[in-house]
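This briefing is for a reader who is new to the structure shown below. Please look through the sequence and the model before going on to the notes.

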Amino acid sequence: MTSDARFTLDDVLNVTRQIVEERGGDYVYDSESHGCVYAVGGTPSCLVGHVINALDPEAFTILAGMEADRSMSMPAVELRDGDWLAEDFWSDDAEVAMQAAQDAQDSGLTWGQAVYAAENLGADAD
């Protein structure tokens, strides 16, 4: 599936870096006020939500709707398997990178640290 993916690891990391640069590397996601979710009120909330929205706003709108309809979220590594994103949305290594970023963010690390995690774990993915 990796070779047929619409978005590669490089695509995803480049967008992630841009978003973090705009928000600031020391930004810490506030999951206390609304939980760890991709969207709040239809707008991107977490780092992965911002990345998906930047890559494909239509895919983000579908994801946000599914999250709202089910009143739940799911890990980044399950979004394609759960049909929340198209199977060819991003490569396997991009998916691993976004899960690493999500894990870092959700554990209270800064978005700068989340980018670092994504860069390192995404590059190590098979």
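Over the ring of which residue does the charged end of arginine 23 sit? That ring belongs to tyrosine 27, and the charged end of arginine 23 is 4.5 Å from its centre. The model is a predicted one, and the notes below take it topic by topic.

- Helix α3 covers residues 47–55 and is mostly covered, with seven of its nine residues buried.
- Those buried residues are Leu47, Val48, Gly49, His50, Val51, Ile52 and Leu55.
- Helix α4 runs over residues 57–70, and α3 packs against α4 with the axes 5 Å apart and an angle of about 135° between them.
- On the α3 side the contact is made by Gly49, Ile52, Asn53 and Leu55, and on the α4 side by Pro57, Ala59, Phe60 and Leu63.
- Sorted by class, this contact of α3 with α4 holds six nonpolar residues, two polar ones and no charged ones.

**The loop between α4 and α5**

- Serine 71 is located in the loop that lies between α4 and α5, the latter being residues 92–106.
- The phi angle of serine 71 is positive, at about 50°, although this residue is not a glycine.
- Serine 71 has a relative accessibility of 67% and therefore counts as exposed, since the cut-off for exposed is over 50%.
- Aspartate 83 is found in the loop between α4 and α5 as well.
- Aspartate 83 is a residue other than glycine with a positive phi, near 65°.
- With 60% relative accessibility, aspartate 83 counts as exposed.

**Aromatic rings**

- The count of aromatic pairs comes to three.
- In the pair of phenylalanine 89 and tryptophan 90, the ring centres are 5.3 Å apart and the planes stand at 65°, so the pair is edge-to-face.
- Edge-to-face is the class here because the cut-off for it is over 60 degrees between the planes.
- Phenylalanine 89 and tryptophan 90 are both buried.
- Phe89 and Trp90 also belong to a cluster with Phe7, linked by ring pairs.

- Alanine 97 lies in helix α5.
- Its relative accessible area is 0%, so alanine 97 is buried.
- Between alanine 97 and glutamate 58 there are 39 residues in sequence and 21 Å in space, taken from C-alpha to C-alpha.
- Alanine 104 is also found in helix α5.
- Alanine 104 has a relative accessible area of 8% and is therefore buried, as the cut-off for buried is under 20%.
- Leaving out residues up to four places away in sequence, alanine 104 touches Leu109, Gln113, Ala114 and Ala117.
- Tyrosine 116 is twelve residues from alanine 104 along the chain, and their C-alpha atoms are separated by 9.2 Å.

Key: Residues are numbered from 1 along each chain as its sequence is written. This is a predicted model: local features need pLDDT of at least 70, side-chain atom pairs count only at pLDDT 80 or more; totals for chains, interfaces and linings use all residues. Side-chain values use heavy atoms; hydrogens and water are left out. Buried means under 20% relative accessible area, exposed over 50%, partly exposed in between (1.4 Å probe, protein chains only). Helices (H or I, at least four residues) and strands (E, at least two) are DSSP runs, numbered from the N terminus. Axes are lines fitted to C-alpha atoms, for helices over the stretch in contact, and angles run from 0 to 180 degrees between N-to-C directions. Contact means heavy atoms within 4.5 Å. Ala, Val, Leu, Ile, Met, Phe, Trp, Tyr, Cys and Pro count as nonpolar, Asp, Glu, Lys and Arg as charged, and the others, Gly among them, as polar. Rings of Phe, Tyr and Trp (its six-membered ring) pair if their centres lie within 6.5 Å; planes under 30 degrees apart count as stacked, over 60 as edge-to-face and the rest as tilted. A charge sits over a ring if NZ of Lys or CZ of Arg is within 6 Å of the ring centre and within 35 degrees of the ring normal.
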